[in-house]
Amino acid sequence: MRVKLIRDGRVVEDDWDGPLLSLEKLNAGVSGDGLGLVLQPGESPQQIGVELSRLSLVAIHFPVLTDGRGFSYARELRERGFRGEIRATGEFTRDQLFYLKRCGFNAFQLADESQLEESLANLEDFSEVYQASIEQPEPLFRRR
């Protein structure tokens, strides 16, 4: 039975069938494209030693609710041109989904799958935002 997650605003089964490599293994010289990477806190996207275009999935792990480095990691990956899936895993709450999405995450693997359908609404918690983001690069005053 496959894990379910939210991807691109829909609840889906996780169809990733490749290995998710640690940063150390990825940088050790793994060949091929369509690779998956798990970034842990303290492992910055700047430490990725392969072309981002070789990656299809980057899972950013949140070990505890109070560790927000993953927000910055997702933004940095998007700013460097990564177009693949950025998946949040670990300890984050439904209330954070809107903000995670604005930083560049497009997939969310919640610890409690029973909350997936209810969590979809959290992706649209606010109808308007003032600040610029990865999702919406211009601030409100420039959009008016």
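Tutor: Begin with the term on which the sheet rests: two strands count as paired when DSSP finds at least two bridges between them. The model discussed here is predicted.

Student: What is the order of the strands in the open sheet?

Tutor: The sheet has 7 strands in the order E2-E1-E7-E6-E5-E4-E3, and its pairing is mixed.

Student: Why do strand E2 and strand E3 stand at the edges?

Tutor: Strand E2 (10-13) and strand E3 (20-22) each have a single partner strand, so one side of each has no neighbour in the sheet. From one strand to the next, the twist averages 30 degrees.

Student: How do you know that E1 and E7 pair?

Tutor: The pairing rule asks for at least two bridges. Strand E1 (residues 4-7) and strand E7 (residues 107-109) have 2 bridges, in the antiparallel sense. Arg7 stands opposite Ala107 in E7.

Student: What does helix H2 touch where it packs on the sheet?

Tutor: Helix H2 (residues 69-79) touches strand E4 (35-39), strand E5 (55-62) and strand E6 (85-90). The direction of H2 makes about 160 degrees with that of E5.

Student: How many bridges do E1 and E2 pair over, and in what sense?

Tutor: They pair over 4 bridges in the antiparallel sense, and Lys4 stands opposite Glu13 in E2. E1 and E2 form a hairpin with 2 residues between them. Asp8, in the turn, has a positive phi of about 50 degrees.

Student: What joins E4 to E5, and in which sense do they run?

Tutor: E4 and E5 run parallel and are joined by 5 bridges. E3 and E4 also run parallel, joined by 3 bridges. Leu37 in E4 takes part on both sides: Leu21 stands opposite Leu37, and the bridge partner of Leu37 in E5 is Val58.

Student: Why is E4 called largely enclosed by the rest of the structure?

Tutor: A residue is buried under 20% relative accessible area. In E4, 5 of the 5 residues are buried, so the strand is largely enclosed by the rest of the structure.

Student: Is Ser44 buried or exposed?

Tutor: The cut-off for buried is under 20%. Ser44 has a relative accessible area of 18%, so Ser44 is buried. Ser44 lies in the loop between E4 and E5. Not counting residues up to four places away in sequence, Ser44 touches Leu39, Tyr73 and Glu76.

Student: Which term describes the pair of Phe105 and Phe108, and why?

Tutor: Ring pairs with planes under 30 degrees apart are stacked, those over 60 are edge-to-face, and the rest are tilted. The planes of Phe105 and Phe108 stand at 35 degrees, with ring centres 6.5 Å apart, so the pair is tilted. By the ring rule the count comes to 7 aromatic pairs. Phe62, Phe71, Phe92, Phe105 and Phe108 form one aromatic cluster.

Student: What accessibility does Phe105 have, and what does Phe108 have?

Tutor: Phe105 has 2% relative accessibility and so counts as buried. Phe108 is also at 2%, so Phe108 counts as buried.

Student: Which residues have the most contacts inside the largest nonpolar core?

Tutor: The core has 30 residues, and those with the most contacts inside it are Ile48, Leu55, Ile60, Leu100, Phe105 and Phe108. Two or more residues each come from helix H1 (23-27), E4, E5, H2, E6 and helix H3 (97-103). Nonpolar side chains in soluble globular proteins tend to be buried together.

Student: Leaving aside neighbours within four places in sequence, which residues is Leu100 in contact with?

Tutor: They are Phe62, Phe71, Ala88, Phe92, Phe105 and Phe108.

Student: How many helices and strands does the protein have?

Tutor: It has 5 helices and 7 strands, in the sequence pattern β-β-β-α-β-β-α-β-α-β-α-α. Among contacts between residues at least 6 apart in sequence, 52% join residues at least 24 apart.

Note on methods: Residues numbered from 1 in each chain as written. Predicted model: local features only at pLDDT ≥ 70, side-chain atom pairs only at ≥ 80, totals over all residues. Heavy atoms only, no water. Axes fitted to C-alpha atoms, helices over the stretch in contact; angles between N-to-C directions. Contact = heavy atoms within 4.5 Å. Phe/Tyr/Trp six-rings, centres within 6.5 Å; stacked < 30°, edge-to-face > 60°. Buried < 20%, exposed > 50% of the residue type's maximum accessible area, 1.4 Å probe, protein only. Core = buried A, V, L, I, M, F, W, Y, C linked by side-chain atoms within 4.5 Å.
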